[in-house]
Amino acid sequence: MTETVAPPDATSRAALGRLRAEVGKAVIGQEAVVTGLVIALLCRGHVLLEGVPGVAKTLLVRTLAAALDLDTKRLQFTPDLMPGDVTGSLIFDARTAAFEFREGPVFTNLLLADEINRTPPKTQASLLEVMEERQVSVEGSPRRLPEPFIVIATQNPVEYEGTYPLPEAQLDRFLLKINVPLPSRDEELGVLRAHHHGFDPRDLKAAGVQPVATRADLAAGRAACMRVAVTDPVLAYVVDLCRATRVSPSLELGASPRGATALLAAAKAWAWLTGRDYVTPDDVKALARPTLRHRVRLRPEAELEGVSTDAVLDAVLATVPTPR
C-alpha cells in the first residue's frame with residue numbers, strides 16, 4: 001500500500017498552524033495578534049505592536065521566535081541610543097591596527113525594537129535602510145542581514161512624555177500595525193492561574209514551548225502565498241479602498257501605493273493560511289485596518305472631534321462597493 005504524502009503547501013500550512021497553537025502555551029489569548037505576526041512572517045513584513053504595558057507584547061515576540069527556532073534579539077530604545085548601537089559600528093583593533101565591523105543587534109532573524117518611539121529621530125532613521133533594503137551600509141559597502149529578517153516594534157499608546165513620534169516614511173515601512181488589547185476577564189483569569197501554578201515568562205522551555213515550524217516551512221509558505229490567485233475585481237477593490245482614503249474629508253494623508261501592495265500581500269497570506277488558493281473581498285476587509293491604520297493621518301479638526309483612524313477606515317469599507 002502506497003503511503004500518502006502531504007503536498008508541501010499543506011505541510012507548511014499545518015506547521016504554521018501549530019506555530020500559532022504553540023505560542024498559546026505561553027500567551028493566553030491574543031490569537032488575532034499571533035495571526036498577524038504569522039502573516040507578517042509570510043510576507044517578509046515588519047510589524048508595529050501598540051498596547052499598554054503588561055499585555056505580553058515582548059513575551060509574544062520571544063515565544064514566536066522560540067516556536068520557530070529563529071535567532072532573536074531585543075533592543076530597548078532609549079533617548080541616549082545611538083545609530084551605531086542599532087546597526088553596528090567600526091571598531092579599531094589595536095592588534096591588527098585596522099578597523100573591524102562589529103555587528104549590531106539588527107543582525108538577527110527577529111529584532112524586537114522595544115518602545116521604538118523613545119529614541120530620537122536620528123536613531124530611528126538608522127532602521128530605514130535595515131527595514132527596506134535588509135542591509136547595513138558601512139563605508140559604502142552593504143552588509144546583508146540574515147534571512148528571514150523582520151522587525152517587530154512596540155510602542156505605548158498612552159504615554160507621550162519623552163517620546164518621538166515615528167515619521168511617516170518609517171511608519172510606511174511597517175506591513176501591519178496591530179493593536180494589542182487588554183485580555184478579557186476569562187483570559188486574565190487564565191493568566192493568573194498560569195502564574196499561580198508556577199509559570200515563569202522568562203523560562204519558555206519550562207512552559208513547554210518548542211520549535212514546531214522550521215525555516216523551510218516558512219520559505220515554503222512564502223512561496224505558496226505568491227501563487228495565491230487574485231482576480232481583477234479584487235485587485236480593483238484594493239486600489240479603490242486605498243484611493244478612497246486619499247479623498248476622505250477626515251484624513252489629510254491617505255494610503256500610498258505601497259499601502260495597496262501591502263494590503264494585497266497580507267490578504268494573500270491570510271487566504272493561504274485559511275486553506276484557500278484565492279483571495280476574496282472578505283480577506284481584503286479583514287486585513288484593511290491593520291495594514292492601513294498607520295499609513296493614514298487624521299486632520300486636526302477630526303482629531304479634536306474624537307474621530308479615530310479605524311472609524312474612518314470603517315467608513316471607507318462601508319462606502320466602497322464590494323465586488324461580487
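This is a predicted model: local features need pLDDT of at least 70, side-chain atom pairs count only at pLDDT 80 or more; totals for chains, interfaces and linings use all residues.
I begin with the interior. In soluble globular proteins, nonpolar side chains tend to be buried together. Here the largest nonpolar core comprises 66 residues. Leu 16, Leu 42, Leu 49, Ile 152 and Val 284 have the most contacts inside that core. Helix H11, residues 257-273, supplies the largest share of this core, with nine residues. Apart from this core lies another, of 23 residues, which includes Leu 81, Phe 107, Leu 127 and Ala 153.

Which residues does Leu 16 touch, if we leave out those up to four places away in sequence? They are Val 38, Leu 42, Ala 213, Leu 218, Trp 272 and Leu 273.

An α-helix has 3.6 residues a turn, so residues three or four places apart point the same way. After H11 comes Gly 275, whose phi is positive, near 95°.

I turn now to the surface. Leu 90, Phe 92 and Phe 99 make up a nonpolar patch there, and together they have about 320 Å² of accessible area. Phe 92 belongs to strand E3, residues 88-93. Is Phe 92 buried or partly exposed? Its relative accessibility is 47%, so Phe 92 counts as partly exposed.

The next topic is charge. The structure holds 15 salt bridges, and I shall discuss three of them.

In one, the side chains of Arg 258 and Asp 172 meet at 3.5 Å, N to O. This pair links distant parts of the chain, 86 residues apart: Arg 258 sits in helix H11, while Asp 172 lies in the loop between helix H7 (168-171) and strand E9 (174-179). Arg 258 is partly exposed, at 31% relative accessibility, whereas Asp 172 counts as buried, at 16%. The two also take part in a network of salt bridges together with Glu 132 and Arg 295.

Another salt bridge joins Arg 297 and Glu 252, with 2.7 Å from N to O. Arg 297 lies in strand E11 (residues 297-298) and Glu 252 in strand E10 (residues 251-253), so this pair ties together parts that are 45 residues apart in sequence. Both are partly exposed: Arg 297 has 34% relative accessibility, and Glu 252 has 40%.

In the remaining example, Asp 200 pairs with Arg 202, and the closest N and O atoms are 3.4 Å apart. Asp 200 is partly exposed, at 28% relative accessibility, but Arg 202 is exposed, with a relative accessible area of 67%.

I close with a separation across the model. Asp 203 is located in the loop between helix H8 (185-196) and helix H9 (215-226), and it counts as partly exposed, at 35% relative accessibility. How far is the C-alpha atom of Asp 203 from that of Arg 246, 43 residues apart along the chain? The separation is 47 Å.

Conventions:
Residues are numbered from 1 along each chain as its sequence is written. Side-chain values use heavy atoms; hydrogens and water are left out. A nonpolar core is a set of buried Ala, Val, Leu, Ile, Met, Phe, Trp, Tyr and Cys residues joined through side-chain atoms within 4.5 Å. Buried means under 20% relative accessible area, exposed over 50%, partly exposed in between (1.4 Å probe, protein chains only). Helices (H or I, at least four residues) and strands (E, at least two) are DSSP runs, numbered from the N terminus. Contact means heavy atoms within 4.5 Å. Patches are made of residues with over 30% relative accessible area and no salt bridge: like charges are joined within 9 Å, nonpolar side chains (Val, Leu, Ile, Met, Phe, Trp, Tyr) within 5 Å. Accessible areas come from the Shrake-Rupley method with a 1.4 Å probe; for residues, only the protein chains shown count as cover. A salt bridge is a side-chain nitrogen of Lys or Arg within 4 Å of a carboxyl oxygen of Asp or Glu.
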